[in-house]
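Let's take a friendly walk through this model, one region at a time. Please keep the sequence and the 3D view open as you read.

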Amino acid sequence: MKNVLFACCFLILVYACKSSKSIIKAKDATSDFTLAFGSCNKTSLENELWDDILAAHPDVWIWGGDIIYADTENMAQIRHMYEAQNRVDGYRRVKEKIPVIGTWDDHDYGLNDGGVEFVSKVGSQHAFLDFMNVPEASPRRTQEGVYAAHDYVLAQGSIKVIVLDTRYFRTALTPDTVTQKRNRPNTYGEGTLLGDTQWIWLENQLTSSKANFNVIVSSIQVLSAEHGFETWGNFPHETDRLLHLIASSKAQGVVVLSGDRHISEFSKKRIPNLGYPLVDFTSSGLTHTYTSYSGEPNPYRIGNVVTEKSFGLVKFNFKTNQVRFKMIGNHGEVLGSYQENY
């Protein structure tokens, strides 16, 4: 019976508020669970990293957004691009061996920097869920937004992955007309990133979680907020609400994974009443990166910004309560690393 219960990648698929659940075995003595993630992937460009992702032997692959670059209201075009992605040999091999979950960002949503105003968001959601092979009977098929929770249970402990939707409900940004930045923060209290329903859902996921580690996937950065592009910092009251929720929920080992920026970096911030630092690991640029990057402020940055094409690797150890973060480039090159004890 134990062999059945802990067979690798045995999936009990119950989505949205009930979450999906996987029961798996640990793979090695130093990492009980490994996830790989990445964002910003153009189907028109070669992704050289799929073999490196497979070589890392992750337990799950997480799309962090911008899976395709559609930017259209035409659902036939969006579906065509998803089909093209599914035909990519490297990605097909990944899907054959690794469970795939994730979220969207603006370019697969259908509107650059788009939010609640996008007229084709319902059809775009259906196309995204089809691409992610979400069952027709899943509650995610009837809810607004693509957010979901996935629980991974091992003999040694468990991990909850909370995938947010920062598009479907996001209200208007405030253009910066004073500096050369694209956006400036909204007036405190004005606007929302997640919308009321998703906020209630997120609060329930965190406060009820018994997991040893809780991974929040946000398509846009949470901690880096001064660059003027899309970030939680454009909604400062929403950022404060999220950080307060993380601390007050008493959820263990919360980690943030983000994308969007075409750069990769580690950010870390001490949160009041949280017994460990919050790490936001940005991994962005699977097929193309911000090669002209010349610097930008981020008071929470750890180490250097990486502008090479890469994916993120996160390794969890339940015995030591340690998480190791790595930026992996072509041929498995480690471009940056950090570890934190929880």
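Two strands count as paired if DSSP finds at least two bridges between them. The strands (E, at least two residues) and helices (H or I, at least four residues) named here are DSSP runs, numbered from the N terminus.

Before going further, a word on the source: this is a predicted model, in which local features need pLDDT of at least 70 and side-chain atom pairs count only at pLDDT 80 or more, while totals for chains, interfaces and linings use all residues. Residues are numbered from 1 along each chain as its sequence is written, and side-chain values use heavy atoms, with hydrogens and water left out.

Strand β10 also pairs with strand β11 (residues 254-258); 5 bridges join them, and they run parallel. Here Asn-214 has Val-254 of β11 as its bridge partner. How many of the residues of β10 (residues 213-218) are buried? The count is 6 of 6, so to speak a mostly covered strand, where buried means under 20% relative accessible area, exposed over 50% and partly exposed in between (1.4 Å probe, protein chains only). Phe-213, Val-215 and Val-217 point one way from β10, while Asn-214, Ile-216 and Ser-218 point the other way, and all are buried.

## The mixed sheet

Another sheet to look at is open and has 6 strands, in the order β5-β4-β3-β15-β16-β17, with mixed pairing. Strands β5 (100-102) and β17 (334-341) stand at its edges with a single partner strand each, so one side of each is left without a neighbour in the sheet. On average, neighbouring strands of this sheet are turned by 20° against each other, direction ignored.

Look for Val-323, whose bridge partner in β17 is Glu-340.

## Two helix pairs

Two packed helices are described by the angle between their axes and the distance between the axes. Axes are lines fitted to C-alpha atoms, for helices over the stretch in contact, and angles run from 0 to 180 degrees between N-to-C directions. Helix α7 (residues 195-207) packs against helix α8 (residues 236-249) at an angle of about 25°, with the axes 9 Å apart. These helices are therefore roughly parallel to each other (angles under 35 degrees count as roughly parallel, over 145 as roughly antiparallel, 65 to 115 as roughly perpendicular and the rest as oblique). On the α7 side, Trp-199, Leu-202, Glu-203, Leu-206 and Thr-207 meet Glu-238, Arg-241, Leu-242, Leu-245, Ile-246 and Ser-249 of α8. By class, this contact of α7 with α8 has 6 nonpolar, 2 polar and 3 charged residues (Ala, Val, Leu, Ile, Met, Phe, Trp, Tyr, Cys and Pro count as nonpolar, Asp, Glu, Lys and Arg as charged, and the others, Gly among them, as polar).

The second pair is helix α3 (residues 75-86) with helix α6 (residues 121-131), packed at an angle of about 15° with axes 10 Å apart. Roughly parallel is therefore the description for α3 and α6. Their contact involves Met-75, Ile-78, Arg-79, Tyr-82, Gln-85 and Asn-86 of α3, and Gly-123, Ser-124, His-126, Ala-127, Phe-128, Asp-130 and Phe-131 of α6. The residues of this contact divide into 6 nonpolar, 5 polar and 2 charged.

Not counting residues up to four places away in sequence, Ser-283 touches several residues, including Phe-37, Ser-258, Ile-263 and Phe-311; contact means heavy atoms within 4.5 Å.

Leu-274 lies in the loop between β12 (264-269) and β13 and counts as buried at 12% relative accessibility. Leaving aside neighbours within four places in sequence, Leu-274 is in contact with Ile-246 and Ala-247. Asn-47, in the loop between β3 (33-38) and α2 (50-55), is buried with a relative accessible area of 12%. The C-alpha atoms of Asn-47 and His-288 are separated by 8.9 Å, although the two are 241 residues apart along the chain.
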